[in-house]
Structures are given as structure tokens and as C-alpha cells.
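Please examine the model shown below. The report that follows treats a cavity, a sheet and the whole chain in turn.

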Amino acid sequence: MNLIERDQQLAELDRLGAQARAGRGQIVLVTGPVGCGRTALLQAAAERLAAGGMLPLHASCVEGERLLPGGVVSQLWHGITMSREDGERFIELLGTLAARGAEPAASATVDAELLRVLHTLCLWLHQLAAARPLVLLIDDIGDADHVSVALLRYLIRRSRYSRILIVLTDPQDSGPGHPALLAELHRQPHVHRMSVAPLGSAGTAAFVADRLGSADPATGADYHGATGGNPLLLSALAGARPDTEAYGRAVVTCLSRAGSAGREVIGALAVLGDHAGTVALPSMVDTDAAVVTRTVQSFEAAGLLADGVFRHAAARAAVLADLPPTMRADLHLTAANQLHEAGAPATAVAAQLLAADRPAPAWSAPVLVAAAEHELAADRGDEAVAYLQAALRAQPDPRRAAAIRARLCQAEWELNPISAARHLGSCVSDLVQDRLDRRDGVDLVRHLLWDGRTGEAGTALDVIRARERRPDSSVTPESRHLEVWLSATFPALARRHPAGGGPSGPPPAQPVVAAQLDPWLPSAATLSDLLSRGRGRDGVEQAHQVLRDLQLGRHTGWAHEATLAAFGTLLQADQVEAAAVWSQRLTPPRPDARPTLWSAVLGAARAEVALHRGELAEAAEHATAALTVIPPRSWGVAVGLPLASAALAEARLGRPDAAAARLAQPVPEAMFSSRYGPLYLFARGQLHLATRHHHAALADFLSCGEQIRGWGLDTAGMVPWRAGAAEAWLRLGDRDQARRLISGQLSRPGRDSGRSRGTALRLLALTGPAAQRLPMLLESLELLEECGDRYEQAQTLAALANAYHALDDDRRARMIFRRSLYLARLCGAEPLQRELLSLGDVLGDSPAPDGMTSALSTLTTSERRVAALAAIGYTNREIASKLYVTASTVEQHLTRVYRKLNVKHRRDLPLDLTRRAIRMSAV
């Protein structure tokens, strides 16, 4: 056996073995920390001494076998070959020894029979040693039974002039576990002490090199840092790969040698973890301070600890897992109390309380709430929920418990509204019994409405409003903003705010402490109000500010409503590109964390932005993601937003079955009482148009209008239901009805939305004769180009191409048709593409013939880029701007293109080039 850094000890044992063989008996006590190789040294010595002619007799002591009389003696005698008669005699002697007792010195009189038995057994060993020198190897002598210790003491006193070498091992912390034996060893002159210690840096490097074949000093240093050179830990860790499970088992093996008191001390260190220096360790355990100090020193000597801290995380985890559940729970509760008294952070105290897995004491409720707030600020919602749940169980006061329950409801709602729904009934009861403050009541109303519980929301609103009518009360800012938000989101439940009392009026008479007002509520209310009244442009700056703040602040409370309102404001004000930029800048906090409601809301906003840009595939993708991050049930009434975006995108992409599947999902009935209902109905109407169910589409659009007008919000700001109904009337052949509806839309507030006006002008143009369409279509195109909606642009261009064809101007019609087809392909709008291709056949604009297809392959990359943009109608100056070249360069490229393709004008360029333009769309 090759032992590292043990040559000196082995050489000393060889020397003492030689003296024993010469008739001068020797005794060796080997001490050392747990796991440092005492047993390995014993085994190596046995092999070497056996090779020198000695007979090794082995025994290993175990704490649990202390009550087995003569257990160690029996192990020693197993190595002796005996006849049947001798075996029976040995058993008889051992039985007598066990029956007479093991401590004759403790008696006032000498037990002659006991001394006779001890003398007989020792004489037997001396006779054996005369024939062949003996080496008695006893591991962990401190755990030997008293009967065997009595024999060993008797033998030690009579072994000085024998051919016997006795090698004992024991931990270094307290010496042998038998005081009488320890005293005997101190008295005898032929007793030698020997120690083993953890490997040094060089020894560790040699060990690792032997196991891993790596001589890299850095590797050796890493392993030494993790194990302190403890051979047992090194054996576990330095395998074919770092095995932390084996390392943990090795640590538990070491811990098993610490005794119950030592185990509790090390367990306390594991429980305290990084806060071990905050609390005095003796205050954690029910044992003497000297035992605490000795235990820590012992484990530091063994390499498990460094400055009172575990060297490896797996060590702490293994110790915690090995602790009896009751002891572990007691230690966690004690640690929580001690850390609290020492002024440790609330999160440190709360973590201990939670780990105890027992009811937390009443004093801990405020600490747990403080810890939850800290975790919420760090976007660790799961931890915050766990702390709040523990705080709720620990709080005996009903009013304070109600406040904790409301906070728990909010925290769970941010993760997944479904999980928070179970608290809503209790929170309503708390509000009715006057246990909740107004801010919690306002948040409760939002949660109830989100979950579609309009009846309970009405009850909560009645309580809040009744409180404000009390003589000693007044309308708070929270209530004012809630009423404004309700008027835009759930109009049927709103109590119209007094003139001048809305967000644009004077500040409230009684100022409120800033911490009591959710910072997102005023923005959510103001922007929602502006949106519902078609005044998005008035809120653009505030929308930008909200989105800037969202990058810095925590996305809780009313932040979700403020987010949707901010994006809606930008889109209504035709700030589509700005909205697109913000949708990319805003990312869910902690990408490694599990998805939350904020992630889903952001996905829904991105879907809306993509729809307004004509990016249909991206819109469907983002809407699907929003419905996947949290299930549709968790979306509550707001599910109408991502469902509408997904269905509208799928319908325009030419996937009506997918769109219908989205709209076939169950939705809360209360959704149709909210602003999300018209969005849903509008998307369903668009799907009916795409599938040629024109009467069904008309019914949905008119239902939108009836609902919106019933709320007193008949503007173009919520959904352009008149445009949808007009398109349905046009498909049904009733131009008069379509013209009436579109004229009504153009005359109402909300005209500042270029997208809505552009769409309306296109439809209005289609109600009149071809000769009168061009001005309206050109204005529509200009507005839609400014707002960046490529899908609506494609539709207007298609109508414009038809108009020019009706006026026999096929040259312009073909050029505009190509731009329309290009945009339709860019959007992925398959139905629109099919419609345009039929127009292309009428205009004679078809794919290039085979001869021209081969000629296309002769174009250079630069020529293809220029020709592709020219084919869809861009002027030379526009092409130069897009490709960052001069107009002269564009003209030269086109000249060469015309020559190679044998055409004279850009209108003769083949339709195939539009595909090239689509691939260049990022330019």
C-alpha cells in the first residue's frame, strides 16, 4: 500500500516491530483527526510487520458495540488458530470475564477469579508470542468495550519484556475513551505516541496526480483548498470526476466520529452557513463551551473546516441532510432567534424559519414580511411568497393577518394569477370587516376584475366608496385613479370622477405619503383614460416615461396595466417604431427566473406592436408565447388581448383554422364587460371576413359598436369597429351602408390616429366610383407609410392598382401592384398575395419567362439589389438612399440590367425580382 506523507510513521513502526521481535515489547498510540488515515496506516503497518515475520491480530472498535462484552478480544482471537478444546476454553474464559465485570480497580476488594481469568488470557498470548511475535492492531480504541479494555490494561503492564507490539489508534481530540486505560498508557515507559495529519500541499498534489494523472499544481491547489488535505475527502473528490455525493458521504463518515455533542456543534455550523460569525456558537447548542471549541478545532485540524466555515458547499449540504429531523428543526429555530437578536438581515432570519419547517413564532411575522419585500425587490417572487405564507401562519392579530394576506395575494398574482385567486374571497371578507386599508382595497378590486369576479368587485367598490362618504373621510388619490381606470377598462362599474378630479385636474386636497400610493396606478389610469377617448397623442411623453421607468423599477402592482396602456398609447399615436424599440429594450427581469405575469404581458405588447407593423408571423409568435408563459386561465379577462392578436395574425397569414382554434378557447363571460371584449369581437369579425362569413363578421363589428356606445366611449381609440363593419358591408355589396359608417368614423374624435384614418380612407374610396378613388387612396397610402403598417399599406396599394387599372393606366397599375405584392409577401399575408396575383394576371404582370430567368442569373449582386428595388416602384433617389450609393450609381446599374434582361423600362422588369426585394427587407 502506497501511503503519501507517511514514510516517517511507517519507518518508526518498523523499528518498534524489530524491538518487539527481539523481546522488548512496545506499545504505540496513533492519534490524528478523523479521515486522516489512521486506519490506513494501521493496515499498511500490518502488511509490513507480517512480512517481517510477526503475526497480526486485528480488531476494530465501533461505538455501538461498547455494550458487547469481550467484542474486541473476540476479534483478536479470531486471528489465532486454535484447536476445538482451546476454542471452548477461550469462550468459557471470556464468559467468566464478562460475568465478573471489567473494572476490578473500581472495587474495594480484589476479585481473585477475575484476576485469574485475565492472567490466563495474557499468559496465552505470551505463549503464542514466544512461538511467533505478535502485533495487536486495535483501531479506535476509545470505542472498545470495558471487558476488552480490562484485558488490554492487564496486558500492557506485562508486555514490556514480551515479543508483542501493540498498536492502538484513536482521534486526537480526547485520547482513548477510557480514562483508566489512558492513565495506564501514561505510566508505562514503553508507550510511544505517533500522529497523522492532513496532507500538505505537496502531498495533496501527489495524491491528485496519482488518482487523476494530472501534475498541474493549480489542480492540486484546488483540491487542497476543498479538502484541507484530508485523505478521506480527497479520495471521494478526486475520482474520475469530482463526485460531490461521495464527498458528502465522506463528510458524514467524519461526522459520525464526533459524538452526539460534536454532531450538534457541527450541525449548528451547517445551519448557520454564511452567518456562522454572526452568532456565538455555544448559544446554539446545549453543551459546554469547551466541547464546542474542541469540536471546531478537531474538524479544522481534519480539514473539513477553515476558520470555522465549511471548505466545500457539499460538506455543509451533507451535514444538514444527515442531521436528525428534530435536531435540524431545533437548530434552525434557534438560529433564527439568535440571528434576530444579533440584528442579522431579515432574509437571513426568514431563511432559518422556513428551513425549520415548523410553525414560526409570533415575533417572526414582521421579519418574514420584511424578508418578502426584499425578495420581491430582487425579483425572487417564489421566495417572497414562501415568506409571506409563513408570516400569515405566524400572525395572530386578524387585522395584521389581513394585510399580510393581501400582500401574499399580490405577490402570488405577479407570478401566476390563478394561484392568487384562492385568497380573493378572504380578502373581500377582510375588506368588508374593515381590516384592509384603502390601497389594499384598490388592489383587490383589480385582482377581482382580472379574475372576472365582477360581483365581488362591485361589493368591494361599494365598501371603498362608502368609506369615502363618511364625515371623517375623503376621496383618496388611489380611489380617484381607480375610478378613472375603471371608466376606461370596466366602464359599467365606474363611478364617473368629478369634473377636474381626474388625472389632468388639480392635485387632491390631502397629500398622501408617497409610499402609500402605487407609483404605477396614476400612469395606468391616465393613459387608459386617454386611450379610451382617442387622445393617445396627448399621452406620448408620459408613455415614454412609463417605459423608461419600467427599465429601472420593479414590475409589480399596477405596472402590468401601465405597460399595456403605455404601448397602446404609442400605437394609437402612430409611434409604432418607438413602440418596437421599447418592446425590444424591455426584457423580463432575471432571465434565469421562471416566467411571470410580467413576461406574459410583455409578450402581448410585442404582439400588438408586431401587428401594427404588419409583421404577422412575429405577432402570432409573440401572442402564442404570451399564452404559453402563463396559461389562458391565468390571463383572466385580459386574455382577450393575446387571443385577439393571435387570431388576427393567423387569419391574415392565411391560417384560419389556427385563428379559429384560438377563438374557440373558453373565455370569462366578464371579459365582454371590459375593454378586452371589443378587441376579441373585432378579431373574430376579421376572421369571419377572411373566411367569407360576411354576415357573421358584420354582427361582431356591430356588437363592438353597440357595446362601446353603451359605455359612452364611442371613439376610434378602442377598436375601429366602423371600419370593420364597413368592409363587411362592402363584401355584401352595400356601399351606402359602408359609406355611412366610414363617414361617421372620420367625423369622430380619434382622427389623430393615422392608421385608423388611413384604413378608413381606403374603405371610403372603395364606396365611390373609380375616378374619385385616387385622392383618397393616395392620402391613405401617405398616412399608412408614416405610421409604418405594411399590411395596411399593401391593402391600399392593391386598391390603388385596381383604381389605375380601372382608369386604363396599366403602367402605373403594374408598378403599384408590384409594391403591394412585395409588401404582402414581406408580411406573409397569403390571402392578400393570392388576391394580388389574380390582379397581376389581369395586368399582364407575370413571372419571368424561362429565357429571362436564365438572364437573371447573369446579374451581379449589386445589380440585383438595384433591380429588385426598381421592380417594386422605388425611384432612383429612393434606391440610392436605401443602398447608401449615389443616384448616378443606381442609374448605371439599371442601364446594365436593362441590357442584360433585354428590357427598356423598369415596368418591364420581371416580377421574380420582388422576391429579391423581400430578402433585402432588412436593408
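## The largest cavity and its surroundings

Helix α6 gives the most to the lining of the largest cavity, with five residues. The model is predicted: local features need pLDDT of at least 70 and side-chain atom pairs count only at pLDDT 80 or more, while totals for chains, interfaces and linings use all residues. Residues are numbered from 1 along each chain as its sequence is written, and side-chain values use heavy atoms, with hydrogens and water left out.

The structure holds six cavities of 30 Å³ or more. A cavity is a set of points, on a 1 Å grid over the protein atoms alone, where a 1.4 Å probe fits but cannot get out; its lining residues have an atom within 4 Å of a point. Grid points are joined across faces, edges and corners, and a volume is the space filled by probe spheres set on the points.

The largest cavity has a volume of about 80 Å³. Of its 14 lining residues, L76, I138, S148, L151 and L152 are the closest to its centre. The lining comprises 13 nonpolar residues, one polar and no charged; here Ala, Val, Leu, Ile, Met, Phe, Trp, Tyr, Cys and Pro count as nonpolar, Asp, Glu, Lys and Arg as charged, and the others, Gly among them, as polar. At least two lining residues come from each of α3 (71-77), β3 (134-139) and α6 (146-157). Helices (H or I, at least four residues) and strands (E, at least two) are DSSP runs, numbered from the N terminus.

Five strands form an open sheet in the order β2-β3-β4-β1-β5, with parallel pairing. Two strands pair if DSSP finds at least two bridges between them. The edge strands, β2 (55-60) and β5 (191-195), each pair on one side only. Six bridges join β1 (residues 26-31) to β4 (residues 164-170), and T31 stands opposite D170 in β4.

Angles run from 0 to 180 degrees between N-to-C directions, with axes fitted as lines to C-alpha atoms, for helices over the stretch in contact.

| Helix | Strands touched | Angle of directions |
|---|---|---|
| α6 | β1, β3 and β4 | about 135 degrees with β4 |
| α7 (residues 179-187) | β1, β4 and β5 | about 110 degrees with β5 |

The protein chain contains 47 helices and seven strands. Its radius of gyration is 43 Å, well over the 29 Å that the globule rule gives for 923 residues, so the chain is more spread out than a compact globule. This radius is taken over C-alpha atoms, and the rule is 2.2 Å times the number of residues to the power 0.38.

How values were computed: 1 Å grid on protein atoms, 1.4 Å probe; cavity = no way out; pocket = protein on both sides within 12 Å on 5 of 7 lines; lining within 4 Å. Contact = heavy atoms within 4.5 Å.
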